[in-house]
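Let's take a walk through this structure together. Have the sequence and the 3D view ready, and we'll go stop by stop.

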Amino acid sequence: MNEKDWIQEGKTALGIELGSTRIKAVLVGEDGTPLASGSYTWENRYEKGVWTYGLDDIWSGVQGSVAALIQDVSQTYNLPLSKVGAMGFSAMMHGYMAFDQKGELLVPFRTWRNTMTEEAADRLTNRFDFNIPQRWSIAHLYQAMLNQEEHLKKLDYLTTLAGYIHWKLTGEKVLGIGDASGMFPIDSQTKDYHAKMADSFDELIAADGYEWRLRDVLPKVLVAGDPAGTLTEEGAKLLDPSGTIQAGVPVCPPEGDAGTGMTATNSVALRTGNVSAGTSVFAMIVLEKPLAKLHKEIDIVTTPVGDDVAMVHCNNCTSEINAWANVFSEFAEATGVSVDMNQIYTTMFESALKGSPDCGGLVGYNYFSGEPVTGFSEGRPLFARTANSVFNFANFMRLQLYSAVGALKYGLDILLKEENVPIDKMYGHGGFFKTKDVGQRIMAAAMQAPVSTMETAGEGGAWGIAVLALYASWKEKTDSAGDRNLVRYLNHVIFKEEAGTTVEPTDEDIKGFEEYMRRYVKGFPVEQAAIDHIPES
């Protein structure tokens with residue numbers, strides 16, 4: 001079949017992912033080949049102490065990305081996109097979207113970026129003997145209880161952003177197991193919420209007088225390949241007001257950006273891992289066995305089929321790099337020179353490799369918001385040097401790349417050096433890896449391991465959820481080989497001809513990064529002082 005045949009006969013899958021700064025829609029053929037795409041740029045808001053997105057912003061973004069995709073199909077193939085074979089939705093994990101019985105949002109959407117739940121996260125971590133990060137939905141729920149927030153009396157449903165989109169478009173209150181594992185701990189054996197921990201939570205809140213219990217308000221957990229509903233007539237109108245996309249499309253379980261990142265990099269098998277580096281950054285390694293002990297810097301989530309994954313998640317990554325790119329662009333314009341932003345980023349990244357391996361004595365923190373992995377509830381972007389530091393453009397740019405993944409390295413060192421977790425392969429994806437070889441080389445030095453990228457990884461999580469939508473159809477007509485059938489599907493159907501490129505770490509880069517990290521950790525009190533004495537405007 002050629003690409004036009006796929007589109008005309010509906011042998012396609014549509015994937016939509018809502019990221020921190022961009023909503024992307026991708027249409028793929030039945031073998032995962034990208035056919036068309038559309039995107040919509042958006043930004044979170046900081047309102048009344050909460051990082052949030054409005055519901056109108058969410059739907060404007062979803063509809064905008066789909067409209068751009070439909071236009072791309074029309075212009076590229078001279079065809080309408082009236083028939084889609086499968087569909088899936090993904091989004092940023094965690095956070096807090098609470099609804100009443102009428103489906104009305106009770107409080108503004110609290111995103112993963114908020115660091116307002118420290119007390120709840122600490123109490124639950126101690127009670128469960130399982131790390132509950134501040135951004136997890138259960139931490140937000142329990143913090144609201146500790147704060148005695150009035151809306152909890154009306155609570156009927158709690159879900160994530162992907163779960164919300166799926167619910168409104170299909171009517172189904174379900175969630176993929178990977179996304180669910182960022183709401184509440186998952187038992188990888190039962191493929192459901194951890195029963196003992198759920199019972200323990202209900203015991204904890206029993207005297208509070210709420211009519212609901214935890215399982216009453218959480219989405220039903222599904223694994224990759226499970227049927228998760230179809231696009232309803234009402235959902236089709238909400239997704240695409242133009243009426244081009246018709247109802248009745250089967251929809252796969254909604255997933256979080258961690259699960260789609262694993263899928264997009266073919267790292268759902270045991271002993272594989274991936275690093276997603278954009279506005280936030282996280283590294284995930286699929287575990288052969290449980291960790292020896294609890295580490296508050298390490299999250300335990302799951303793959304889309306429910307295998308345990310050790311994750312280091314950091315709130316901040318490329319925002320500071322983006323801020324400096326805008327400054328350089330403004331400087332160029334002020335001198336009368338027009339420079340393409342892509343060229344600015346390429347110059348910034350490539351110059352970093354010309355810098356000293358230890359950044360010449362410079363140090364910086366890219367903390368736009370709090371960074372729980374390193375112990376900060378708030379953040380202040382900060383740059384410091386001594387009079388003897390070698391302050392030049394190359395060192396400054398290498399500093400920016402190091403600081404972008406400094407908190408990640410801080411957490412990974414615990415996982416790799418203390419727990420001795422084995423890794424057969426590690427893949428990188430996201431904007432940090434866009435400039436050839438540069439991001440891979442910096443990340444390889446941070447992890448002291450080879451880092452690979454694949455061409456398809458550039459399609460991101462929207463492509464990953466489209467592949468999971470394809471898998472749901474494939475699984476129905478294929479003899480079952482167990483839950484890890486997804487691994488076989490990815491290896492034999494989606495990635496069978498994918499080569500990728502690999503960058504090995506150098507001894508010089510490793511040594512330089514380690515020296516930078518010693519300076520980075522010693523400077524934590526300076527970052528804290530900036531938080532204490534420079535108030536948010």
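Helices here are DSSP runs of H or I with at least four residues, strands are runs of E with at least two, and both are numbered from the N terminus. This is a predicted model, where local features need pLDDT of at least 70 and side-chain atom pairs count only at pLDDT 80 or more, while totals for chains, interfaces and linings use all residues. Residues are numbered from 1 along each chain as its sequence is written, and side-chain values use heavy atoms, with hydrogens and water left out.

Let's start with a histidine. His-140 sits in helix α4, which covers residues 137-146. Is His-140 buried or exposed? It counts as buried, because its relative accessibility is 1%; buried means under 20% relative accessible area, exposed means over 50%, and partly exposed is in between, using a 1.4 Å probe and protein chains only. Leaving out residues up to four places away in sequence, His-140 touches Gly-95, Tyr-96, Arg-110, Thr-111, Asn-114, Met-116, Thr-117, Gln-134 and Arg-135. A contact like this means heavy atoms within 4.5 Å.

Now look for another histidine, His-151, in the loop between α4 and β8 (157-159). With a relative accessibility of 9%, His-151 counts as buried. Tyr-96 turns up again here: His-151 touches it along with Ala-98, Leu-106, Val-107 and Ala-144, again not counting residues up to four places away in sequence.

Next, the nonpolar cores. In soluble globular proteins, nonpolar side chains tend to be buried together. A nonpolar core is a set of buried Ala, Val, Leu, Ile, Met, Phe, Trp, Tyr and Cys residues joined through side-chain atoms within 4.5 Å. The largest one has 130 residues, and Leu-141, Phe-201 and Phe-432 touch the most other members. Beyond four places away in sequence, Phe-201 touches Leu-124, Phe-128, Ile-138, Leu-141, Tyr-142, Met-145 and Leu-214. Another core, of 44 residues, lies apart from the largest one, and Trp-6, Ile-7, Tyr-77 and Tyr-164 are among its members.

On to how helices pack. The axes of α11 (residues 319-334) and α12 (residues 341-352) come within 10 Å and cross at roughly 115 degrees. Axes are lines fitted to C-alpha atoms, for helices over the stretch in contact, and angles run from 0 to 180 degrees between N-to-C directions. On the α11 side, Ile-321, Trp-324 and Phe-328 are among the residues that meet α12, where the partners include Met-341, Tyr-345 and Phe-349.

Follow α12 to its other neighbour, α13 (residues 393-418): the two pack at about 95 degrees, with axes 7 Å apart. They are therefore roughly perpendicular to each other, a label for angles of 65 to 115 degrees, whereas under 35 is roughly parallel, over 145 roughly antiparallel and the rest oblique. The contact is made by Thr-347, Met-348, Phe-349, Ser-351 and Ala-352 of α12 and Phe-393, Ala-394, Met-397, Arg-398 and Leu-401 of α13.

Our last stop, Ala-407, is also in α13. Ala-407 is buried, with a relative accessible area of 4%. Its contacts, not counting residues up to four places away in sequence, are Cys-314, Tyr-367, Glu-371, Val-373, Thr-374 and Tyr-520. Ala-407 and Tyr-193 are 214 residues apart in sequence, and their C-alpha atoms are 29 Å apart in space.
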